[in-house]
Amino acid sequence: MKLNRKTFFKGLALGTISLPFVIKGLGGVSHAQEESDGSPNIITAKKYRWKMVTTWPPKFPILGEACELFADRVRQLSGGRMDIRVYGGNELVPALEAFDTVREGGAELGCGAAYYWAGKTEAAQFFASVPFGMNAQQLNAWMVSGGLELWEELYADFNLIPMPGGNTGVQMGGWFNKEINSVEDLKGLKMRIPGLGGKVLQRAGGAPVLMAGGEIYTGLERGVIDATEWLGPFHDTLMGFHEIAEYYYSPGWHEPGTMLEFFVNKEQMEQLPSDLQGIIKTVAGELSGWILSQMEANNAAALAKFLEKGINIRRFPNEVIQQMRTYTAEAIDEITARDPKSRKVYESYRSFQQKAADYAAITEKAYYNRIQVDAGIRLG
């Protein structure tokens, strides 16, 4: 059937041309197409209902909130075509089973931190945090300079696609029930500390314990662990650690900027229309910036309250810091010697860190050294 402008509008007025035909003729998609076309490049009316499992306690401030915001933004940007239900740690599956749950298809999406999966592949932990390593903005820069490609390559073996999911910023050193005056004080210490930091503590004679966030308070209160690191003043106060531990230490040598992650089941992602794939990646990027900003703002406010209350904040002695730096180098050498994937990732990481450090030495380091003197931070 051929239509010119005159017959087109005449037919439309008389009702002899159906609306689906009109939409298709104008470059749209008919209802029949919406129902039957499986092409990932065509926007369809099909609705997708996904589950997100996380390692964070349910509704946990900032981190858990970010997951809820993720679902809200995807729903909004997709016009309701995609609905994600968020489950906090232990609501659908145990917190530390999120990785396997998503890779096996029990949920389509997850949120956590890559060092939790070091038991699956040792190279994963280098995408979370390296003791004495890069800070948040340096890690983000590494991501766009080849780091993300390595991360995607690593997770492809597990049917997963990783996406940067925010950063905690430089963390605190942790809560202890005894003073740490020397490396000797770390011997026999049972401490909740994940990733490479745990391996370094082990070299110092301590006993690292991997424990989900929702279990830490009870573990510390009951003596299952003697110390714990978590995040920073804001979250640590919410967890109540100041009520059951006497000493709060700085700096977080073990986590100078911990990158968090969203991870998606690769098969499920690739079955989505291209616009929904783009929405998921866009929202992950949006939330990545939001999380770091929230962490910085809330930790700054919480620290001010700590100082007003006279909470005991200590600095690790230089001797301890230097020895932990030595142990870090030894632990990384051991891992990269036995694991080719870790070696490949760390070579890229270390190369970028050296360049970033050279630049930071004449910019940020010089700036913060001056600010620290002027601010008169009150730490013991």
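Before reading off any burial, I note that a residue counts as buried when its relative accessible area is under 20%. I also keep in mind that the model is a predicted one.

Entry one, the strand. I looked up strand E9, residues 247–250, and found that Tyr247 and Tyr249 point one way while Tyr248 and Ser250 point the other way, with all of them buried. In a regular strand the side chains alternate between the two faces of the sheet.

Entry two, its partners. I then checked the pairing and found that strand E5, residues 174–176, pairs with E9 in the antiparallel sense over three bridges, and that Trp175 has Tyr248 as its bridge partner in E9. Strand E11, residues 313–315, runs parallel to E9 and is joined to E9 by three bridges, where Ile313 is the bridge partner of Tyr248.

My search of the whole structure returned 23 aromatic pairs. One of them is formed by Phe70 and Phe262, whose ring centres are 4.7 Å apart with the planes at 45°, so I logged the pair as tilted. This pair links distant parts of the chain, since Phe70 belongs to helix H4 (residues 63–77) and Phe262 to strand E10 (residues 259–265), 192 residues apart. Both Phe70 and Phe262 are buried.

I also looked up Phe176 and Phe316, whose ring centres lie 6.0 Å apart with the planes at 90°, so this pair is edge-to-face. Phe176 lies in strand E5 and Phe316 in the loop between E11 and helix H12, so the pair ties together parts 140 residues apart in sequence. Phe176 and Phe316 are both buried.

Notes: Residues numbered from 1 in each chain as written. Predicted model: local features only at pLDDT ≥ 70, side-chain atom pairs only at ≥ 80, totals over all residues. Heavy atoms only, no water. Buried < 20%, exposed > 50% of the residue type's maximum accessible area, 1.4 Å probe, protein only. Helix = DSSP H or I, 4+ residues; strand = E, 2+ residues; numbered from the N terminus. Pairing = 2+ DSSP bridges. Phe/Tyr/Trp six-rings, centres within 6.5 Å; stacked < 30°, edge-to-face > 60°.
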